[in-house]
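Visitor: I am new here, and I would like a close look at a single part. Please take me through how it is packed and what it touches.

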Amino acid sequence: MRRRDLLKGAIPFCTPFAQRAASAAGPMKITKIEMVRVRKDLRIHDVSPNWTWVLLHTDQGVTGIGESYPSQDANHGALKELAPLLLGKDPTNIERIWQDIFYRISYQPWGGAEMRMLTAINIAQWDILGKAAGLPVYKLLGGKAQEKLRVYNTMNGWPIYGMRDHDPEKVTEFLLKRGIKAVKIYPYDRGPVNAFARHGGTFITQAELKQSLDPIQRIRKVAGDEMEIALDLSSKWNLPCSLQIARSLEPYGILYLEDPMLPDNLEAYATLARETSIPVCVSERLATRFRFREMFDLHAVDVVMYDVTWCGGISEAKKISDMADTYKIPTSPHTGGGPVLWFASIHTATSLTNFYIMESVFHLYNDLYPHFIKDVPTPVNGYVTAPGAPGLGVELREEPFRSGDAVRETIAEI
Amino acid sequence: MKQTTRRAFIEQAFAVSALPAALQSAVNNSEPMKITKIEAVTFRQDIKIGGGGGGSEATEFCWVRLHTDKGIVGTGETYPFHQGEIGALRDYSRTLTGRDPRDIDGIWRAFYHRMAMRNAGGADMRILSAVNMAQLDILGQASGLPLYRLLGGKTRPRVRVYNTTTDYWAINNTKMGPDTMKIVQFLLDRGITAMKIYPFSAADNYISNQALERGMSWIKEIRDKTGNQMDICVDLWGRFDLPSAQRIAKALEPYNIMYLEDAMLMNNPKAYAQLASETSVPICMSETLATRYEYREFFENKACDVIMYDLTWCGGPSEAKKISDMADTYLIPTSPHTCGGPLLYACSAHLCAALPNFLIMESNYWKYTHQYPRFVNNIPVPDKGHIVPSEAPGIGLEIKPELFRSGDAIVETVAQA
């Protein structure tokens with residue numbers, strides 16, 4: 001088969017509306033599983049895309065796209081192992097397939113690559129269901145609970161037209177001009193102080209505590225209270241350092257303090273949450289409702305964060321948020337990955353009554369995603385709106401496949 | 001007292017050479033050592049082992065080999081999905097090449113922290129476990145000591161084993177149910193006085209009263225015909241929900257079994273705590289957990305009476321030791337899972353010889369009689385129901401060199417410094 005035929009035969013390039021004719025009622029079968037990897041040495045504005053796509057093809061001509069990241073090689077191997085659990089199955093049986101794969105991977109300590117692939121599969125299934133039904137995914141998740149989604153911009157080394165996080169005044173002015181009134185920064189493991197680099201997360205001096213406040217004070221000086229500030233500590237600290245950092249931040253009206261410690265002991269988080277008035281947010285590092293349940297149970301968190309391409313998928317994200325709602329805890333999705341994560345998070349968050357604020361990264365939606373995807377939703381006046389096309393509404397460009405920036409591989413087929 | 005440098009001490013030891021060769025350190029351990037090459041070893045999928053193992057004929061494990069600039073090669077193992085694991089090894093290899101493999105906790109921490117950025121576990125955790133095992137194998141070889149010496153030395157001279165009895169890894173094609181007493185007698189004749197069985201099955205998370213009774217009939221038959229000669233462990237494979245788990249535990253109460261393993265998935269320690277508080281049957285869990293962080297929550301909730309882990313899944317032998325040491329502070333004993341490959345089994349024997357809070361170790365007749373000997377020469381075989389770890393440095397197994405000539409083993413270089 002010639003390369004051109006391969007591209008032509010590919011369903012994902014059709015517009016989502018073209019697939020609407022697919023029978024929503026009839027049984028459907030997964031006939032082929034493909035993986036798309038981004039060329040490893042590809043750099044766009046000095047940043048390398050690191051996601052993996054999973055394409056599920058069906059006998060009804062509908063194709064769904066899912067995604068996870070990073071660790072492309074492990075994801076690739078794990079998808080090969082899971083493929084036999086998918087071929088011939090009806091992708092609209094979303095709960096059954098999730099449960100069957102989860103049980104299968106629960107015979108060993110689960111997580112890692114196979115949880116990321118279960119997640120990507122689940123997202124592709126929702127895409128298929130939406131296309132088969134002719135509805136955008138958010139309409140299948142409960143409809144529009146949010147007309148539009150407030151976003152903050154993450155400053156974690158991703159540039160805005162060359163500006164980076166070490167220039168807080170310029171970044172703040174740029175964001176405010178675009179109506180984006182919230183920002184997430186990393187003064188404790190990035191920038192000029194970087195206390196983490198000095199002590200490995202086991203200690204922080206009084207001087208470093210004070211110096212680390214510098215970007216916060218500078219943002220407040222430029223923007224006053226117009227800019228919300230979230231702090232991400234990248235799970236690099238122990239409990240006493242986390243407590244000290246939280247105390248030093250108390251006067252600054254922080255949006256939330258995210259991931260000071262690894263979330264592998266939520267009792268430690270409960271201690272932190274009890275001791276500080278700053279809302280504590282954890283964590284995209286956890287997966288499944290089972291892990292999040294403990295966090296709620298222990299009152300260890302004020303704002304819940306998950307990554308839709310890590311946590312078990314759209315189904316699991318929705319379940320986690322619905323459970324969080326029973327504790328009056330709002331949701332702030334992590335989106336610092338690939339484009340399908342961005343689309344899937346927008347659909348999921350649009351359906352949530354307990355939505356708080358969503359991460360966005362200017363460099364990703366402005367420079368990186370459009371290289372691969374048509375019509376990427378972009379924040380307007382600080383808010384992003386869900387696309388109305390059936391499924392996720394992800395329409396892949398052909399160029400990256402032609403140029404070899406994106407590489408397709410059949411993992412399994414009937 | 002006269003001060004002597006470590007180097008002088010080692011040089012002196014070499015010069016005098018009063019120690020038997022096996023006890024001398026193989027290298028000068030005061031010098032740095034580097035991981036220079038990482039290899040993945042997988043096996044031909046169509047290997048037919050034979051020996052009446054029931055459904056099983058082949059192997060599902062894979063090995064990781066860490067080469068060093070000192071000529072020492074350490075081998076680790078994990079299973080069962082080698083494609084995900086070896087993919088993860090490629091992803092993480094940069095964390096390893098050029099590092100000193102004897103920096104065991106430092107490498108573990110860096111590896112774990114990286115994977116924990118996005119939900120630790122799965123293939124990533126299994127490959128960390130294999131790497132950790134290979135590092136300890138290197139440390140053992142470098143120091144000239146069998147691994148159990150580096151894990152605390154011998155707390156007991158020999159390690160008691162039970163036999164895991166399934167249709168899949170069968171004893172001479174026998175099946176529980178029709179051949180129950182034949183199997184029990186086979187084991188008792190060899191001095192093996194404990195077995196693990198899988199009597200309860202159901203299509204879903206609910207067990208019917210008929211299925212419950214069918215399963216109980218195996219246990220009743222063993223007790224009726226051999227009294228208390230045989231210790232019985234029951235494994236439920238995480239199959240059931242809380243009410244069905246409670247009904248099974250209640251039915252087992254009069255039979256004084258050794259433990260009830262993995263009644264439910266490990267998704268909620270409080271559900272386990274409820275089960276444990278309601279039954280007198282010891283609750284064992286679970287090789288499906290990894291790292292001390294996951295076990296901690298079950299200890300705190302009083303959710304188990306016996307712990308099980310799999311060295312090649314839980315984060316490796318060094319993590320297993322930490323989990324057992326923490327369990328010991330709750331007076332909870334350890335019963336390691338070993339139904340994987342030969343290195344898991346042999347390495348578990350080292351750890352079990354050392355652990356102060358050891359209960360009993362898993363073994364499988366088909367595996368140590370037929371499967372393991374296909375790959376290694378000196379696998380410890382139970383004698384009167386006990387095994388003894390190797391005295392050779394490191395894990396101490398002799399991997400058969402012909403595997404690499406016959407095409408049975410497929411070696412892939414994953415990274416090179």
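Guide: Angles under 35 degrees count as roughly parallel, over 145 as roughly antiparallel, 65 to 115 as roughly perpendicular and the rest as oblique. This is a predicted model, in which local features need pLDDT of at least 70, side-chain atom pairs count only at pLDDT 80 or more, and totals for chains, interfaces and linings use all residues. Residues are numbered from 1 along each chain as written, while chains are lettered from A and ligands numbered from 1 in written order.

Start with helix α2 of chain A, residues 72-82, and helix α4 of chain A, residues 112-133. (Helices are DSSP runs of H or I, at least four residues; strands are runs of E, at least two; both are numbered from the N terminus.) The axes of α2(A) and α4(A) lie 8 Å apart, at an angle of about 70°. (Axes are fitted to C-alpha atoms, for helices over the stretch in contact; angles run from 0 to 180 degrees between N-to-C directions.) α2(A) and α4(A) are therefore roughly perpendicular to each other.

Now look at the residues. From α2(A) come A:Ala74, A:Asn75, A:Gly77, A:Ala78, A:Leu79 and A:Leu82. They meet A:Gly112, A:Ala113, A:Glu114, A:Arg116 and A:Met117 of α4(A). (Contact means C-beta atoms, placed from the backbone, within 7 Å.) This contact holds six nonpolar, three polar and two charged residues. (Asp, Glu, Lys and Arg are charged; Ala, Val, Leu, Ile, Met, Phe, Trp, Tyr, Cys and Pro nonpolar; the others, including Gly, polar.)

Next, follow both helices to chain B. There, 27 residues of chain A are in contact with 31 residues of chain B. α2 and α4 of chain A each supply at least two residues of chain A's side. α2(A) gives the most, with seven residues. By class, chain A's side has 13 nonpolar, eight polar and six charged residues.

An automatic or database assignment sets the domain bounds. Chain A has domain 1 (3-134 + 394-413) and domain 2 (139-384). Their C-alpha centres lie 27 Å apart. In their contact, 32 residues of domain 1 of chain A meet 27 residues of domain 2 of chain A. On the domain 1 side, β3 (63-68), α3 (94-105), α4 and β13 (395-396) of chain A each give two or more residues. α4(A) gives the most there, with 11 residues. This side of domain 1 of chain A has 20 nonpolar, seven polar and five charged residues.

Methods:
Two residues are in contact if their C-beta atoms, placed from the backbone, lie within 7 Å.
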